[in-house]
Amino acid sequence: MERNIQKHWQKIIAEIKQVRKDQKISQKRLAAITGISTQTISRFEQAEEDIQLSTVLKILDAFGMSLELSFRNGGE
């Protein structure tokens, strides 16, 4: 079960990173929009750091995305 959650989590991280790049938003700009440090965003995108759900929700909100859609898409 934990491995399955990790797999979905990795897909969500990859999706967020790809959306950021597609929209040509730098990590620095995303940090300014969300109030999250650039270092935290970088470590999150590299899966180097566990991140709080509230932080993920801020990032998703910045892109008009929802966690529900991310999980649904990740499960396909």
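Student: Which residues of α2 are buried, and how do you know that they are on the same side of α2?

Tutor: Leu30, Ala31 and Thr34 are the buried residues of α2. Around the helix axis they cover an arc of only 105 degrees, which puts them on the same side of α2; the arc is that of the directions from the helix axis to the C-beta atoms. Buried means under 20% relative accessible area, whereas exposed means over 50% and partly exposed lies in between (1.4 Å probe, protein chains only). The face turned away from the buried side of α2 carries the exposed residues Lys28 and Ala32.

Student: What kind of model is this?

Tutor: This is a predicted model, in which local features need pLDDT of at least 70 and side-chain atom pairs count only at pLDDT 80 or more, while totals for chains, interfaces and linings use all residues. Residues are numbered from 1 along each chain as its sequence is written, and side-chain values use heavy atoms, with hydrogens and water left out.

Student: How many helices and strands does the secondary structure of the chain come to?

Tutor: The count is five helices and zero strands, and read along the sequence the pattern is α-α-α-α-α. Both kinds of element are DSSP runs numbered from the N terminus, with H or I over at least four residues for helices and E over at least two for strands. Of the 76 residues of the chain, 33% count as buried.

Student: Why are α2 and α4 called roughly perpendicular to each other?

Tutor: α2 and α4 pack at an angle of about 105 degrees, with their axes 10 Å apart. Angles of 65 to 115 degrees count as roughly perpendicular, those under 35 as roughly parallel, those over 145 as roughly antiparallel and the rest as oblique, and α2 and α4 are therefore roughly perpendicular. Leu30, Ile33 and Thr34 of α2 and Lys58, Ile59 and Ala62 of α4 make the contact, where contact means heavy atoms within 4.5 Å. The axes are lines fitted to C-alpha atoms, for helices over the stretch in contact, and angles run from 0 to 180 degrees between N-to-C directions.

Student: What puts the buried residues of α4 on the same side of α4?

Tutor: The buried residues of α4 are Thr55, Val56, Ile59 and Leu60. Their arc around the axis is only 135 degrees, which places them on the same side of α4. An α-helix has 3.6 residues a turn, so residues three or four places apart point the same way.

Student: Which residues have the most contacts inside the largest nonpolar core?

Tutor: They are Ile16, Leu30, Phe44, Val56, Ile59, Leu60 and Phe63, in a core of 17 residues. At least two residues of this core come from each of α1 (2–22), α2 (27–34), α3 and α4 (53–62), and α1 gives the most, with four residues. A nonpolar core is a set of buried Ala, Val, Leu, Ile, Met, Phe, Trp, Tyr and Cys residues joined through side-chain atoms within 4.5 Å. Leaving aside its neighbours within four places in sequence, Val56 is in contact with Trp9, Ile16, Phe44 and Ile51.
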